[in-house]
Amino acid sequence: MAALNRLLRAGAAVRLPTAAARRCILSLAFSGGDARQGMPGRRDPVSRNVQWVFLGCPGVGKGTYASRLSQLLGVPHIATGDLVREELASSGPLAPQLADIVNQGKLVSDEIIINLLSKRLENAEANGESGFILDGFPRTIRQAEILEGVTDIDLVVNLKLREDVLLAKCLGRRICGQCGKNFNVASINVKGENGRPGIFMAPLPPPAQCMSKLVTRADDTEEVVKERLRIYNETSQPVEEFYRSRGKLLEFDLPGGIPESWPKLLQVLNLEDHDDKQSAAA
Ligand SMILES: Nc1ncnc2c1ncn2[C@@H]1O[C@H](COP(=O)(O)OP(=O)(O)O)[C@@H](O)[C@H]1O
């Protein structure tokens with residue numbers, strides 16, 4: 001992963017690596033296997049360390065599903081939004097600048113985000129981790145090009161949900177200030193109309209021990225969420241096309257909350273058997 005880091009940094013600070021450099025880095029960066037072979041999601045994902053990306057609008061549940069899959073597949077879940085929030089909480093030199101950007105719902109610069117990601121990958125390397133599920137990265141075409149230049153992403157899952165539901169989910173999101181887990185107090189029950197399916201999502205209530213420690217993200221206000229959705233549509237949606245045109249994009253319309261969506265997601269990823277085995281072993 002050290003080579004990947006060096007290249008991520010170089011790509012962010014200077015220019016994209018040359019094709020020859022990319023090939024060299026590809027062989028060095030990850031020992032997880034040759035991701036250029038086969039169709040995305042077609043190989044047995046448990047026989048190697050997956051290198052997946054989760055895309056989707058704010059509030060869609062990228063963190064929830066990416067985190068569950070990372071546990072199932074034994075790879076780190078790396079969420080750039082979490083890295084940004086950790087940097088903010090650490091009150092490091094970047095914190096004031098980041099707070100302004102995040103609280104307005106804007107994107108952090110590619111350079112800063114790649115530096116944060118590189119640091120996280122260094123830790124991963126030190127901990128002997130390999131493979132990953134990236135959540136919230138890449139979010140710009142430039143980030144996608146840099147990532148594509150340094151390693152092979154073998155599957156990009158694009159989670160989709162209607163915009164009124166996304167807003168309600170963001171406004172209902174609560175986080176335990178102590179354990180960091182995400183919950184949701186929104187009860188969503190939207191009737192289908194004009195050919196659009198209805199959608200039901202039960203609240204995800206916190207356990208008693210988290211109840212008094214719940215906090216709301218500063219960027220989960222109606223105004224800021226609307227701005228994040230606007231920026232997603234403008235800047236991040238082209239990233240979907242970037243991966244679609246490379247045959248790596250798996251579109252997944254969430255049919256409802258976790259109880260309905262999780263089994264269907266496992267099914268489209270050909271992972272139901274693995275989940276069964278894990279449950280049996282637990
Ligand atoms: N890849 C990225 N590029 C630029 N900014 C990012 C990136 N990932 C996270 N951020 C910043 O961190 C904030 C929170 O990210 P995240 O938790 O992923 O939020 P969201 O719910 O909007 O998907 C974003 O609004 C943005 O300011």
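Predicted model: local features only at pLDDT ≥ 70, side-chain atom pairs only at ≥ 80, totals over all residues.
Because Lys-226 and Glu-222 are four residues apart in helix α10, about one helical turn separates them.

Arg-230 is partly exposed, having a relative accessible area of 40%. Glu-234 has a relative accessible area of 54% and is therefore classed as exposed, the cut-off being over 50%.

## Salt bridges elsewhere in the chain

The whole structure contains 18 salt bridges. One of them is formed by the side chains of Lys-248 and Glu-148, at 3.0 Å from N to O. This pair links distant parts of the chain, its members being 100 residues apart. Lys-248 belongs to the loop between α10 (222–244) and β10 (249–253), whereas Glu-148 belongs to helix α7 (residues 141–150). Both Lys-248 and Glu-148 are buried.

Salt bridges also connect Lys-160, Glu-240, Glu-241, Arg-244 and Glu-251 into a network.

## Surroundings of the ligand

Which residues come nearest to the ligand? They are Thr-80, Arg-85, Lys-106, Gly-136 and Arg-228, out of 18 residues around the ligand.

For Lys-62, the distance from a polar side-chain atom to an oxygen atom of the ligand is 3.0 Å.

## Overall composition

The protein chain comprises 12 helices and 10 strands. Of its 282 residues, 47% are buried. When contacts between residues at least 6 apart in sequence are considered, 74% of them join residues at least 24 apart.

## The parallel sheet

Five strands build an open sheet with parallel pairing, in the order β2-β3-β1-β4-β10. Its edge strands, β2 (77–79) and β10, each pair on one side only. From one strand to the next, the twist averages 20°.

Within this sheet, strand β1 (residues 51–55) pairs with strand β3 (residues 132–135) in the parallel sense over four bridges. Trp-52 has Ile-133 as its bridge partner in β3. Helix α11 (residues 258–268) lies across β4 and β10, and runs at about 155° to β10.

## The antiparallel sheet

A three-stranded open sheet has the order β6-β5-β9 and antiparallel pairing. The edge strands here are β6 (182–184) and β9 (214–215), each pairing on one side only. Strand β5 (residues 173–176) pairs with β9 over two bridges in the antiparallel sense. Leu-214 in β9 is the bridge partner of Cys-176.

Helix α8 (residues 163–172) lies across β5 and β6. Relative to β5, helix α8 runs at about 30°.

Arg-162 occupies the loop between β4 (155–160) and α8. Is this residue buried or exposed? Its relative accessible area is 13%, so Arg-162 counts as buried, which requires a value under 20%.

The side chain of Arg-162 makes a polar contact of 2.9 Å with the side chain of Asp-164. Leaving aside residues up to four places away in sequence, Arg-162 touches Val-190, Lys-191, Arg-196, Pro-197 and Ile-199.

Notes:
Residues numbered from 1 in each chain as written. Heavy atoms only, no water. Pairing = 2+ DSSP bridges. Contact = heavy atoms within 4.5 Å. Axes fitted to C-alpha atoms, helices over the stretch in contact; angles between N-to-C directions. Buried < 20%, exposed > 50% of the residue type's maximum accessible area, 1.4 Å probe, protein only. Polar contact = N/O pair within 3.5 Å; in protein donor to acceptor, adjacent residues only side chain to side chain. Salt bridge = Lys/Arg side-chain N within 4 Å of Asp/Glu carboxyl O. Near = heavy atom within 4 Å.
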